[in-house]
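Hi,

Here's the structure I promised to pass along.

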Amino acid sequence: MNVLCIAGFLGSGKTTVLLEVARAMVERGERLAIIENEIGEVGVDGGYVREQGLPVQELFGGCICCTLQVGLVETLRAVESRYEPDWVIIEPTGLAAPGDILGLVVDNCPHVDTIRVLTLVDAPRWEMLLEVVEPLVTAQLESADVVAVNKVDEVDADTLAAVLESVRTLAGAAPVLAVSATSGAGMKRLRGAVL
C-alpha cells in the first residue's frame, strides 16, 4: 500500500487536486481510499469527495499530526483491511505539519510501501500566508516531495514569478510546479510527478 499526503494551508485547493489525482489513479486501474481530516466535528470535504464515488474515511475533532495520531494509525489499518487499496490519499487539515504525519506513518505502519507528500501553495495568498503563518507554511514545504503552486491563473506574471522564486527557496530539492487545479493547467505534469 502506498500513501500520498496532500498538504497545504486552508483554501489552497487540496480537495480539488485530490479529486484530480484520484481520477488519474482510478483511470490507471488502481484501488484507492481517501482519509479526510477535519478539525471540527462536522466534515465538509469528505461528503463532497464521497459524492464523486470515492471511498472516504473521515477523522474529526482534531488534527492527525497531533491530537488524532492514534486515530490515523488505526484508520490506515482499517482502510487497508477493508479496501485493500493500492493507494491511500490523506488530506489533513490545513494546519497540519506533514513531517509529523510522515514520521507517524513510518514508525507505526510497516505495511506502507511508499509515502509521498504533495504540498499545495495558494499563489494569490502566498505573501500574506508567509507573513502570518510562516512557520506552518515553511514546515509544509520542507516535508514535500513535490510542491504545486496552485491558482496560477489568478495572479499576474510578475506575482507568479516572485511566488515561484520564494517557494523554491523554501522547498529545497522538491520540484515546484505551477498549476491551476480548476482550469487543469499543469495538472497532467503534477499527476506524473506524484504517481
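In which sense do strand β2 and β4 pair, and over how many bridges? Strand β2 (residues 32-37) pairs with β4 in the parallel sense, over five bridges; pairing here needs at least two bridges found by DSSP between two strands. E36 has E91 in β4 as its bridge partner.

Before I go on: this is a predicted model, so local features need pLDDT of at least 70 and side-chain atom pairs count only at pLDDT 80 or more, while totals for chains, interfaces and linings use all residues. Residues are numbered from 1 along each chain as its sequence is written, and side-chain values use heavy atoms, with hydrogens and water left out.

Back to β4. Strand β1 (residues 2-8) also runs parallel to β4, joined by four bridges, and L4 has I89 in β4 as its bridge partner. Five of the five residues of β4 (residues 87-91) are buried, so the strand is largely enclosed by the rest of the structure. Buried means under 20% relative accessible area (1.4 Å probe, protein chains only). Both faces are covered, with W87, I89 and E91 on one side and V88 and I90 on the other.

Now the helices. α6 (residues 134-142) and α7 (residues 157-171) pack at about 65 degrees, axes 8 Å apart. That makes α6 roughly perpendicular to α7, a label for angles of 65 to 115 degrees. T138, L141 and E142 in α6 meet V167, L170 and A171 in α7, where contact means heavy atoms within 4.5 Å. By class, that contact has four nonpolar residues, one polar and one charged.

Cheers

Note on methods. Axes fitted to C-alpha atoms, helices over the stretch in contact; angles between N-to-C directions. Helix = DSSP H or I, 4+ residues; strand = E, 2+ residues; numbered from the N terminus. Parallel < 35°, antiparallel > 145°, perpendicular 65-115°, else oblique. Nonpolar A, V, L, I, M, F, W, Y, C, P; charged D, E, K, R; others polar. Buried < 20%, exposed > 50% of the residue type's maximum accessible area, 1.4 Å probe, protein only.
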